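Subject: Handover of a structure and its two ligand sites

Dear colleague,

Please find the structure below.

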Amino acid sequence: MNDVAASRYSLLLRVVHWGTLLLLIAVYATAELRGLAPDRPARAVVMQWHMAIGLLVFLLVLPRIGARLSRPTPPILPTPGRLVLLAAQATHLLLYAFLIVQPLLGLITAQSGERAVVIPLTGFTLPDLIANNPDLHEWTEEIHVALGKIFYAVIGLHAAAALAHHFYFRDNTLRRMLG
Ligand code: HEM
Ligand code: HEM
């Protein structure tokens, strides 16, 4: 591996990282703005996009974890303190957990509430993996919505930390994640 490659995240990780950010913007926009859709059928279509893009986020996190574990993380230079590194690791772990748990909770919420998950533009309906269950629906929905709100803050903190590394500490943290 040459020096430039060793100083950045792998191409797969970089593409999936920024791709996931774009997908999450779409997932949040469809969730938050569905009220603007003119009628019930239009709202249902917006929700189908929410669910399909959310499932794509889940599918992308699997190869991402493989790529993350298969190669050491490029070092940050100059090296930050131990506490900063620990805080970053804890946040990354939380973000990975969110990318796995949130789509699964969404899927359980939808199917336990008898909401069909239809992939837009294909007409393909996901098979029923979970039986109708109003109790399960109620509490998974509550957690799905609450986690969605909480992670605005976690993602915001993560992005702010990246910018602080770049503009205040002036290390290579952000450059390792860019082209
Ligand atoms: C990373 C992926 C996801 C994120 C960040 C996310 C986020 C959210 C948020 C913030 C809301 C609440 C909107 C509101 O305030 O009313 C919501 C609602 C919902 N999401 Fe997701 N979601 C994701 C994936 C999924 C998936 C994969 C599915 C299903 C396959 C799903 C199904 C639902 C459903 C059914 C609701 C509506 C709950 C209700 O009836 O109000 N979500 N989601
Ligand atoms: C504007 C938004 C964002 C910026 C500026 C940003 C920036 C960065 C940077 C610079 C790193 C490398 C940090 C390090 O190695 O210590 C990183 C890593 C990471 N980011 Fe982001 N990020 C953003 C959005 C997101 C979002 C939305 C997620 C997922 C919810 C996310 C998840 C991760 C994870 C899990 C890592 C750990 C490295 C990996 O294994 O992929 N980031 N981010």
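Predicted model: local features only at pLDDT ≥ 70, side-chain atom pairs only at ≥ 80, totals over all residues.

Which atom of ligand 2 is 2.8 Å from an N or O atom in the side chain of His17? It is a nitrogen atom of ligand 2. This pair is a polar contact, that is, a pair of N or O atoms within 3.5 Å; within protein, one atom must be able to donate a hydrogen and the other to accept it, and residues adjacent in sequence count only if both atoms are side-chain atoms.

Residues are numbered from 1 along each chain as its sequence is written, chains are lettered from A and ligands numbered from 1 in the order in which they are written, and side-chain values use heavy atoms, with hydrogens and water left out.

The overall fold

The protein has five helices and two strands, in the order α-α-α-α-β-β-α along the sequence. Helices (H or I, at least four residues) and strands (E, at least two) are DSSP runs, numbered from the N terminus. Along the principal axes, the C-alpha atoms fill a box of roughly 55 × 30 × 30 Å.

Helix α3 covers residues 40-70, and its end C-alpha atoms are 46 Å apart; this agrees with the 45 Å that its 31 residues should span at 1.5 Å a residue. The expected span is 1.5 Å times one less than the number of residues. At the start of α3, a side-chain oxygen of Asp39 comes within 2.9 Å of the backbone nitrogen of Ala42.

Ligand 2 is surrounded by 21 residues, the closest being Tyr9, His17, Arg68, Tyr96 and His158; a residue counts as near if one of its heavy atoms lies within 4 Å. Oxygen atoms of ligand 2 are also approached by polar side-chain atoms, with a distance of 3.1 Å for Arg64 and 2.3 Å for Tyr96. Helix α2 gives the largest share of this shell, five residues. By class, the shell has 14 nonpolar, four polar and three charged residues. Here Ala, Val, Leu, Ile, Met, Phe, Trp, Tyr, Cys and Pro count as nonpolar, Asp, Glu, Lys and Arg as charged, and the others, Gly among them, as polar.

Ligand 2 sits in the largest pocket, where sitting requires more than half of the ligand's atoms to lie within 2 Å of the pocket's grid points. On a 1 Å grid over the protein atoms alone, a pocket is an open set of points where a 1.4 Å probe fits, with protein on both sides within 12 Å along at least five of seven lines; lining residues have an atom within 4 Å of a point. The largest share of the lining of this largest pocket, eleven residues, comes from α4.

Ligand 1 and its pocket

The second largest pocket is the space taken by ligand 1. Its lining consists of 28 residues, and α4 gives the most to this lining, with eight residues.

Around ligand 1 there are 20 residues, of which Arg34, Met47, His50, Glu141 and His144 come nearest. The shell of ligand 1 divides into eleven nonpolar, five polar and four charged residues.

Yours sincerely
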